[in-house]
Amino acid sequence: MAKLYIEDSKHFETLKPKEETVNFLLNYSQALSVISCNKLKFEALLN
Amino acid sequence: MKQELITDAELVSNYITGDESALSVLITRHKQKIYSFIYSKVYDRDVTEDVFQDTFIKVIRTLKLGKYNEEGKFLPWVMRIAHNLVIDHFRKNSRMPKFDNGQEFNIFSVISDSSLNAEKSIIKEQVQEDVRRLIEELPEDQKQVLVMRMYNDMSFKEISENTGVSINTALGRMRYALINLRKVIDKHNIVLTN
């Protein structure tokens with residue numbers, strides 16, 4: 001039983017997103033630009 | 001080490017003013033906490049990955065649109081977004097149940113015998129009959145909307161066109177129909193489970 005708990009907690013610590021997910025987010029952020037026009041704001045994805 | 005000296009608020013402010021690297025620091029700093037939080041709710045790696053991604057897409061859009069106004073509370077704010085997206089995921093899944101296609105594929109999750117046994121089908125009939133009788137007790141306008149929605153599978157738009165009332169009125173009648181049904185069920189301790 002104790003083994004189970006130890007294994008679970010170890011498993012939990014290694015939880016993190018895939019590198020590609022993080023890279024996607026950083027690329028998405030760089031590509032996204034917000035254009036302000038008068039009081040309106042438009043989003044544009046520029047690749 | 002240097003990264004830790006910069007507060008989240010400063011990083012957010014830098015990011016808003018165009019410093020893209022600030023986002024990388026924020027993600028690196030909080031990714032494990034946010035990812036673990038999502039995983040602790042959904043227990044599925046792929047879903048966690050999706051929700052994590054959607055969370056940060058929302059964060060990025062909100063920051064870039066200048067809508068962020070919770071300075072000093074970046075992590076709780078991101079956690080709240082993640083939490084809401086987890087709820088959305090479960091809502092969506094309850095409407096469209098999927099079979100588990102994980103590493104240990106279980107054929108019975110796809111072809112299991114979902115037909116009820118004799119006892120259960122009798123109970124089901126009784127429950128359906130009870131529900132029908134309860135619906136008969138509802139005021140006519142509420143009953144009409146409920147029957148059209150639940151038994152005739154009509155949309156609220158179709159119901160409003162058929163009954164000549166607005167969609168909002170139809171929605172209101174449906175809501176009151178359900179409230180009234182619950183009231184009667186509670187009052188008489190009626191059990192409607194199979």
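1. The model is predicted: local features need pLDDT of at least 70, side-chain atom pairs count only at pLDDT 80 or more, and totals for chains, interfaces and linings use all residues. Residues are numbered from 1 along each chain as its sequence is written, chains are lettered from A in the order in which they are written, and side-chain values use heavy atoms, with hydrogens and water left out.

2. Start with the interface. Here 19 residues of chain A are in contact with 22 residues of chain B (contact means heavy atoms within 4.5 Å). The two chains bury about 2100 Å² between them, 65% of it on carbon and sulfur atoms. Buried area is the accessible area (1.4 Å probe) that two parts lose on being put together, summed over both. A:Leu15, A:Pro17 and A:Leu25 supply 26% of the area that chain A buries against chain B, more than any other three residues.

3. Now the polar side. Between chain A and chain B there are 0 salt bridges (a side-chain nitrogen of Lys or Arg within 4 Å of a carboxyl oxygen of Asp or Glu). There are 6 residue pairs in polar contact, both residues at pLDDT 80 or more. A polar contact is a pair of N or O atoms within 3.5 Å; within protein, one must be able to donate a hydrogen and the other to accept it, and residues adjacent in sequence count only if both atoms are side-chain atoms.

4. Turn to chain B. The axes of helix H2 (residues 8-16) and helix H3 (residues 20-42) of chain B come within 7 Å and cross at roughly 145°. Axes are lines fitted to C-alpha atoms, for helices over the stretch in contact, and angles run from 0 to 180 degrees between N-to-C directions. Helices are DSSP runs (H or I, at least four residues), numbered from the N terminus.

5. One charged pair stands here. B:Arg29 forms a salt bridge with B:Asp8, the closest N and O atoms being 2.7 Å apart. B:Arg29 lies in helix H3 of chain B and B:Asp8 in helix H2 of chain B, so the pair ties together parts that are 21 residues apart in sequence. Over all chains, the structure holds 9 salt bridges.

Technical notes: Helices (H or I, at least four residues) and strands (E, at least two) are DSSP runs, numbered from the N terminus.
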